Amino acid sequence: MVLKTSGRNFIRFVHSHTTFQTNATRPQPLINATCRVPTSKLEMVTLIVATTYDPASINPATALLAMPGWTTGPILPPNIKSFTNQQTRLIQHDVSIVKEDDLDSRWEQATGEVVDEVIFLSRHTAASNRPALTVHPIGVLHLKEGESPPHGGKAGWAALPSPRIGPWLRLLKKMAEAHSLVPEFEITLEGTHHGPITSKPTMFLEIGSTEEYWKRQDAAQVIALLIWEGLGLGGGEAVGNWNSETGKRKVLLGIGGGHYAPRHMDVVLKDDIWVGHLLSGYSLPMEEAKPGENHIGGTWRQSIQAAFEATKASFPGGEILAHLDQKSFKGWQKKAITEFLAEQNINVGRPNDFT
């Protein structure tokens with residue numbers, strides 16, 4: 001499917017007591033060249049990535065572009081379309097969302113603008129087929145060098161997690177409830193997983209979990225409205241901008257548990273909780289020591305180190321606290337992890353430590 005906004009489309013968005021009505025027109029051309037855009041100063045921009053390959057990606061993008069203020073932007077080589085609105089750039093390609101690496105640096109090279117963060121729109125799949133709206137950081141931390149990740153990224157790599165993950169999860173839950181998507185849709189975090197490769201703070205926003213739900217327009221509109229309000233495109237204050245000098249400075253680094261991080265979710269749904277990487281059990285491969293040996297094998301140390309360093313980089317001045325899903329570990333696993341965290345000077349926080 002190719003994104004088009006030709007003609008005049010009337011779209012109505014309702015959030016709580018706020019109603020948005022837009023008479024959307026075709027975005028006006030800004031530039032059609034593929035060369036660098038001349039700028040008098042470097043601008044910090046948010047890069048939103050969508051693909052026509054996926055209805056759960058392109059439908060929210062289409063709904064967002066129907067809101068006021070968008071103009072056509074430059075073509076990112078070789079043929080990736082873009083649209084601009086204030087300090088936000090939406091780009092649209094035609095392949096799998098995890099296949100286009102380094103879009104942030106490629107945008108910077110092509111335009112001279114500085115990308116501050118990257119937000120990907122994507123579908124979500126699950127064995128349960130349950131409808132869901134999900135938010136998560138990305139990376140493939142547990143794979144050994146030389147191993148090939150099945151869904152993009154690179155072995156041992158952790159993207160910088162977007163500071164917006166926690167605040168936007170809470171805002172998404174409120175919006176989904178206001179639009180009567182709950183309880184049909186589950187609103188949840190996911191553990192860190194897959195690519196593509198980025199170098200700036202990144203998060204995925206996903207609609208799941210089957211084709212029926214990937215195509216749901218009401219879900220697409222809620223995701224679009226989340227971006228609209230979350231980035232302050234409607235004139236309000238943006239949600240989730242990190243500032244270590246104001247508000248709470250504690251950041252949750254999730255360790256252990258299932259893919260949907262239920263123990264970590266219990267903490268994150270409280271107000272003013274920041275979220276870094278979330279390491280599910282599959283991202284912490286551990287091999288029990290053989291009799292007479294003390295070494296616990298596996299790449300779990302690598303995963304924790306990469307997750308901590310990336311989280312620390314995304315929250316300068318923040319207090320990173322490892323939050324363990326205690327019940328998900330065997331005794332020897334918990335002992336090994338807590339000892340390693342102490343060696344690395346990574347503090348452990350219990351739920352009450354985040355309030």
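View 1. The structure is a predicted model. Where pLDDT is low, the predicted coordinates should not be read in detail. Over the chain, pLDDT averages 87, and 87% of the residues score at least 70.

**View 2. Helix α2 and its buried face.** Helix α2 spans residues 103-111. Its buried residues are Leu-103, Asp-104, Trp-107, Ala-110 and Thr-111. Seen down the axis of α2, they fall within an arc of 135°, so they line one face of the helix. Their cover includes four strands: β4 (44-51), β6 (81-85), β7 (88-93) and β8 (114-125). Gly-112 follows α2 and has a positive phi, near 85°.

**View 3. The largest nonpolar core, around Leu-205.** This core holds 51 residues. Leu-64, Leu-133, Leu-205 and Ile-227 have the most contacts inside it. Helix α5 (residues 217-230) gives the most to this core, with 8 residues. Leaving aside neighbours within four places in sequence, Leu-205 is in contact with Ile-119, Phe-120, Leu-121 and Ser-122, among others. Its contacts also include Thr-134, Val-135 and Trp-168. Ile-223, Leu-226 and Ile-227 are in contact with Leu-205 too.

View 4. Lys-173 forms a salt bridge with Glu-177. The closest N and O atoms are 2.7 Å apart. Both residues sit in helix α3 (residues 165-178), 4 residues apart, which means that about one helical turn separates them. Lys-173 is partly exposed, at 31% relative accessible area. Glu-177 is also partly exposed, at 39%. The whole structure has 11 salt bridges.

**View 5. The salt-bridge network at Arg-216.** Glu-184, Arg-216 and Asp-218 are linked in a network of salt bridges. The side chains of Arg-216 and Glu-184 meet at 3.0 Å, N to O. This pair links distant parts of the chain, 32 residues apart. Arg-216 lies in the loop between α4 (211-214) and α5, whereas Glu-184 lies in the loop between α3 and β12 (186-189). Arg-216 also forms a salt bridge with Asp-218, with the closest N and O atoms 2.9 Å apart. Glu-184 is partly exposed, at 34% relative accessibility. Asp-218 is partly exposed as well, at 31%.

Note on methods:
Residues are numbered from 1 along each chain as its sequence is written. This is a predicted model: local features need pLDDT of at least 70, side-chain atom pairs count only at pLDDT 80 or more; totals for chains, interfaces and linings use all residues. Side-chain values use heavy atoms; hydrogens and water are left out. Buried means under 20% relative accessible area, exposed over 50%, partly exposed in between (1.4 Å probe, protein chains only). Helices (H or I, at least four residues) and strands (E, at least two) are DSSP runs, numbered from the N terminus. The arc is that of the directions from the helix axis to the C-beta atoms. Contact means heavy atoms within 4.5 Å. pLDDT is the predictor's confidence in each residue, from 0 to 100. A nonpolar core is a set of buried Ala, Val, Leu, Ile, Met, Phe, Trp, Tyr and Cys residues joined through side-chain atoms within 4.5 Å. A salt bridge is a side-chain nitrogen of Lys or Arg within 4 Å of a carboxyl oxygen of Asp or Glu.
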